[in-house]
Amino acid sequence: GLNFIDLMVRQGNIDNPPKTPLVPGFECSGIVEALGDSVKGFEIGDRVMAFVNYNAWAEVVCTPVEFVYKIPDDMSFSEAAAFPMNFVTAYMMLFEVANLREGMSVLVHSAGGGVGQAVAQLCSTIPNVTVFGTASSFKHEAIKDSVTHLFDRNADYVQEVKRISTDGVDIVLDCLCGENTGKGLSLLKPLGTYILYGSSNMVTGETKSFFSFAKSWWQVEKVNPIKLYEENKVIAGFSLLNLLFKQNRGGLIKGVMDKLLNLYNNKKIKPVVDSLWALEEVKEAMQRIHDRGNIGKLILDVEKAPTPLMANDSTETSEAG
């Protein structure tokens, strides 16, 4: 699976990225080829998906058994590679952190991306939840049925939301950071929850620019604790990778995966795969995410041959063109 965090790793926008040479990637699917001596519950030949602490973009991957899950019979390998990061992140933010319940409202940015689509699907499993989404306008036709109210990502969504819901929303899920932090907090109802789970505005152009990075940070409004308590607002952060690999919460994640696979088996949720790419096409695939061209998840497929370039077409490759 290809995730926005992979772009952040490439640009050095995360704390302590590993030294190069390094193989990126945090999730994958495949067939069990070998087992550790004490591993129980899996057999060679099982179809599985897994979280990996880097090194997922490879033909052979090794990871502790607590991060591995069996794939349902009717789930494809590409769907399985699109499943863990996005759906676990969406589920934990909505239900573990923000306590989503019937009749609530949610604002999600990048509604066409992998997490955005997972959030929309999970919200539809709870009665009467209103979902406000922002996305690039060219995606609106494709995703309009998945959210209740859809706004252009460059529009003044604060005014648009308040026009529809004068007192704001119950939950804001922010993967953008920068100036959107203050906007998100301003939209929260009393007892509402704002969750920061990414900072895609920190990812700059092809080269990392310290100034654009700093500008994004300076746009983050300083949070005043007294104001939080006077306004009855909750502000939270969520990092699935830290929860898994630094804070040893693999058992908690396993419980969440069980619930999610149950929802999948009952046809309540289904990962949206944007396109499949050969490993050699990773540069173009990353560019597609960078340009926010994807609807759903991009997958690197080790068995896929690179798509030959057309004579007049040097940038768009693979099935995404």
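User: Why does Lys189 count as buried?

Analyst: In this predicted model, Lys189 has 18% relative accessibility.

User: Why is the pairing of Lys189 with Asp170 called a salt bridge?

Analyst: The closest N and O atoms of Lys189 and Asp170 are 3.7 Å apart. The definition asks for a Lys or Arg side-chain nitrogen within 4 Å of an Asp or Glu carboxyl oxygen, so the pair qualifies. Lys189 sits in strand E8 (residues 188-196) and Asp170 in strand E7, 19 residues apart, so to speak a link between distant parts of the chain.

User: What makes Arg163 and Glu160 a salt bridge, and where do they lie?

Analyst: Their side chains meet at 2.8 Å, N to O, and the cut-off is within 4 Å. Both residues lie in helix H6 (residues 157-164), three residues apart, about one turn of the helix.

User: How do you know whether Arg163 is buried or exposed?

Analyst: Arg163 is at 60% relative accessibility. Exposed means over 50%, so that's the word for Arg163.

User: What about Asp74 and Lys267, what makes them a salt bridge?

Analyst: Here the N to O distance is 3.4 Å, again to be set against the 4 Å limit. Asp74 is in the loop between strand E3 (68-70) and helix H2 (77-81), while Lys267 is in the loop between H11 and strand E10 (273-277), 193 residues apart. Asp74 has a relative accessible area of 47% and is partly exposed, whereas Lys267, at 65%, is exposed. The structure holds nine salt bridges, these pairs among them.

User: On to the nonpolar side. Which residues have the most contacts inside the largest nonpolar core?

Analyst: Phe51, Phe83, Leu173 and Leu260, in a core of 57 residues. Helix H3 gives the most to this core, with eight residues.

User: What is Phe83 in contact with, leaving aside its neighbours within four places in sequence?

Analyst: The list includes Met49, Val88, Met257, Leu260 and Leu261. Apart from this core lies another, of 17 residues, among them Leu7, Val48, Val52 and Ile289.

Definitions and conventions. Residues numbered from 1 in each chain as written. Predicted model: local features only at pLDDT ≥ 70, side-chain atom pairs only at ≥ 80, totals over all residues. Heavy atoms only, no water. Core = buried A, V, L, I, M, F, W, Y, C linked by side-chain atoms within 4.5 Å. Buried < 20%, exposed > 50% of the residue type's maximum accessible area, 1.4 Å probe, protein only. Helix = DSSP H or I, 4+ residues; strand = E, 2+ residues; numbered from the N terminus. Contact = heavy atoms within 4.5 Å.
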